[in-house]
Amino acid sequence: MNNQENQLSDMLEVYICTKLSEPEINTRRYRKGMTVNDLKNKLEMITGRSASTMILSAYDKDKLVAKLDDDDSQLGSYPVENGMFLLVDDPAYETSDQDAIDGYKMTEEEYNAKQETLKSFLKNNKLGKYNPEYLKQREQENLEKEQQENMEKEQIDKMEVGQRCCIRLPNKPAQYGTVMYKGRLDEKSGYWVGVKYDEPYGKHNGSLNGKQYFETLPKYGSFVTPSAVEIGDFPILDDEL
């Protein structure tokens with residue numbers, strides 16, 4: 001693995017959201033070696049939530065995976081994987097879509113006025129998209145994302161469906177299987193490799209969000225990033241041994 005591949009494998013690609021039901025359309029990439037405190041400072045520019053009172057939680061869809069509750073710990077020390085959601089919460093932040101307090105419901109005019117108040121607050125305090133560093137950060141993230149996708153494309157171009165492989169994921173033992181699919185997935189960015197595991201360590205039967213990408217038994221299929229796949233002449237594991 002060359003230096004560029006090492007750098008990409010040291011990154012996590014996650015969705016940022018302040019509500020699980022409303023994640024960002026595109027993922028963002030962060031280094032596993034950054035501290036939770038550094039991550040909070042970056043997210044403050046994006047979400048407008050204060051880093052000092054921010055609470056971060058990692059979710060696999062709607063399932064809580066971990067609370068990132070130690071500011072001095074590194075992001076990579078938590079069981080966060082590519083494609084997960086990072087929920088940004090701030091008890092001190094009065095959300096803009098809260099329309100009912102103690103049984104009182106705002107009128108549409110009051111709601112619009114509140115939206116303008118929030119916009120003014122973000123603008124005056126240079127938070128979110130009004131932070132002069134925000135666009136610069138987004139441009140850098142887009143550049144890194146493009147570089148990552150180019151690298152992933154080069155990696156999957158060297159693979160063939162039917163090849164044997166070893167899958168190495170963070171905080172998990174190595175698993176063996178067969179390449180069944182390579183390419184893009186609906187509603188997910190980047191390039192992915194569909195794998196049929198030798199043992200039932202997968203998440204599905206080769207389908208994702210109702211679309212069948214390849215055929216295998218339930219819990220034998222999984223999609224992983226190209227950097228996690230090592231192609232080789234690995235023997236097929238026999239469950240009867």
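1. The charged end of arginine 184 sits over the ring of tyrosine 191, 4.3 Å from the centre of that ring; a charge is taken to sit over a ring if NZ of Lys or CZ of Arg is within 6 Å of the ring centre and within 35 degrees of the ring normal. This is a predicted model, in which local features need pLDDT of at least 70 and side-chain atom pairs count only at pLDDT 80 or more, whereas totals for chains, interfaces and linings use all residues. Residues are numbered from 1 along each chain as its sequence is written, and side-chain values use heavy atoms, with hydrogens and water left out.

2. On the overall make-up, the protein has 4 helices and 14 strands, where helices (H or I, at least four residues) and strands (E, at least two) are DSSP runs numbered from the N terminus. Of its 241 residues, 41% count as buried; buried means under 20% relative accessible area, exposed over 50%, and partly exposed in between, with a 1.4 Å probe and protein chains only. Among the contacts with a separation of 6 or more, 55% come from residues 24 or more positions apart, a contact being heavy atoms within 4.5 Å.

3. A search of the whole structure finds 6 aromatic pairs, and rings of Phe, Tyr and Trp (its six-membered ring) pair if their centres lie within 6.5 Å, with planes under 30 degrees apart counted as stacked, over 60 as edge-to-face and the rest as tilted. One of these pairs is formed by tyrosine 176 and phenylalanine 234, which are tilted, at 5.3 Å centre to centre and 50° between the planes. The pair links distant parts of the chain, since tyrosine 176 belongs to strand E9 (residues 175-185) and phenylalanine 234 to the segment after strand E14 (229-231), 58 residues apart. Tyrosine 176 counts as partly exposed at 28% relative accessibility, whereas phenylalanine 234 is buried, with a relative accessible area of 17%.

4. The rings of tyrosine 213 and phenylalanine 223 have planes at 80° and centres 5.4 Å apart, so this pair is edge-to-face. Because tyrosine 213 lies in the loop between E12 and E13 while phenylalanine 223 lies in strand E13, the pair ties together parts that are 10 residues apart in sequence. Both tyrosine 213 and phenylalanine 223 are buried, and one aromatic cluster is formed by Tyr181, Tyr213, Phe214 and Phe223.

5. Histidine 204 is found in the loop between strand E10 (188-197) and strand E11 (207-208), and counts as buried because its relative accessibility is 15%. Leaving aside residues up to four places away in sequence, histidine 204 touches Phe214, Thr216, Leu217, Pro218, Lys219, Tyr220, Gly221, Ser222 and Phe223.

6. Lysine 219 has a positive phi of about 70° although it is not a glycine. This lysine 219 lies in the loop between E12 and strand E13 (221-224) and counts as exposed at 55% relative accessibility. Asparagine 209, also a residue other than glycine, has a positive phi near 55°; asparagine 209 is found in the loop between E11 and strand E12 (211-212), and at 53% relative accessibility counts as exposed.

7. Strand E5 (residues 85-89) is mostly covered, with 4 of its 5 residues buried. Two strands pair if DSSP finds at least two bridges between them: strand E1 (residues 11-17) is joined to E5 by 3 bridges and runs parallel, whereas strand E3 (residues 55-60) is joined to E5 by 5 bridges and runs antiparallel. Phenylalanine 85 in E5 stands opposite tyrosine 15, and phenylalanine 85 also stands opposite tyrosine 59.

8. Helix H2 (residues 36-47) has 12 residues and reaches 16 Å from its first C-alpha to its last, close to the 16 Å expected at 1.5 Å a residue, the expected span being 1.5 Å times one less than the number of residues. The buried residues of H2 are Val36, Leu39, Lys40, Leu43, Met45, Ile46 and Thr47. Just after H2, glycine 48 takes a positive phi of about 85°.

9. With a disulfide taken as a pair of cysteine sulfur atoms within 2.5 Å, the count comes to 0 disulfides. The sulfur of cysteine 166 is 7.7 Å from the closest cysteine sulfur, that of cysteine 165, which is too far for a bond. Cysteine 166 is buried, with a relative accessible area of 0%, and cysteine 17 is buried too, with a relative accessible area of 3%.
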